[in-house]
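Hi,

Here is the structure I said I would pass on. Have a look, and my notes follow below.

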Amino acid sequence: MSLYVWEGVLTDYTPGVIFALAASADGARVAVRRAESEPARTDKKGRVWPAVVHPDHDCGCKVCEEMRVAPDVYDSPAGFAVWGGS
Ligand SMILES: [Zn+2]
């Protein structure tokens, strides 16, 4: 298992990070897509939000788009910190 990291992604006001512990880069992509999937729901105002499903292939959403490039791979002790911001 290695840690796969995409830095400088999903930028709103500041960039975010996508990461996964997996056996391969493609395995990391699948793990992230599954973690980012959500069932359909209705919020407190009665608005219906459709399911967000990231299948095991690039569905074209922002998360999938950001993972099209090769991630950084860590397979020995390493650490980093990402500051929040506005
Ligand atoms: Zn997607």
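Let me start with helix α1, where Ala 28, Arg 29, Val 32 and Arg 33 are buried (buried means 20 or more other C-beta atoms within 10 Å of the residue's own, exposed means 12 or fewer, partly exposed is in between, and C-beta atoms are placed from the backbone). These residues sit on the same side of α1, because they span an arc of only 135° around the axis (the arc of the directions from the helix axis to the C-beta atoms). As a reminder, an α-helix has 3.6 residues a turn, so residues three or four places apart point the same way.

Before I go on, this is a predicted model, in which local features need pLDDT of at least 70 and side-chain atom pairs count only at pLDDT 80 or more, while totals for chains, interfaces and linings use all residues. Residues are numbered from 1 along each chain as its sequence is written.

What do the buried residues of α1 pack against? Their partners are β1, β2 and α2 (62-66), with contact meaning C-beta atoms, placed from the backbone, within 7 Å. Helices (H or I, at least four residues) and strands (E, at least two) are DSSP runs, numbered from the N terminus. Gly 27 is also in α1, but Gly 27 counts as partly exposed because it has 15 other C-beta atoms within 10 Å.

Now the sheet. Three strands form an open sheet in the order β2-β1-β5, paired antiparallel (pairing needs at least two DSSP bridges between two strands). β2 and β5 (72-74) are the edge strands, each pairing on one side only. From one strand to the next, the twist averages 25°. α1 packs on this sheet, touching β1 and β2, and its direction makes about 115° with that of β2 (axes are lines fitted to C-alpha atoms, for helices over the stretch in contact, and angles run from 0 to 180 degrees between N-to-C directions). Seven bridges join β1 to β2, and Tyr 4 stands opposite Ala 20 in β2.

Tyr 4 and Ala 20 also belong to the largest nonpolar core, which has eight residues, the others being Trp 6, Ile 18, Ala 28, Val 32, Val 63 and Met 67. Such a core is a set of buried Ala, Val, Leu, Ile, Met, Phe, Trp, Tyr and Cys residues joined through C-beta atoms within 7 Å. β1 (2-9), β2 (16-22) and α1 (25-35) each give two or more residues to this core.

Overall, the protein chain reads β-β-α-β-β-α-β along the sequence, and 14% of its 86 residues count as buried.

Cheers

How values were computed. Contact = placed C-beta atoms within 7 Å.
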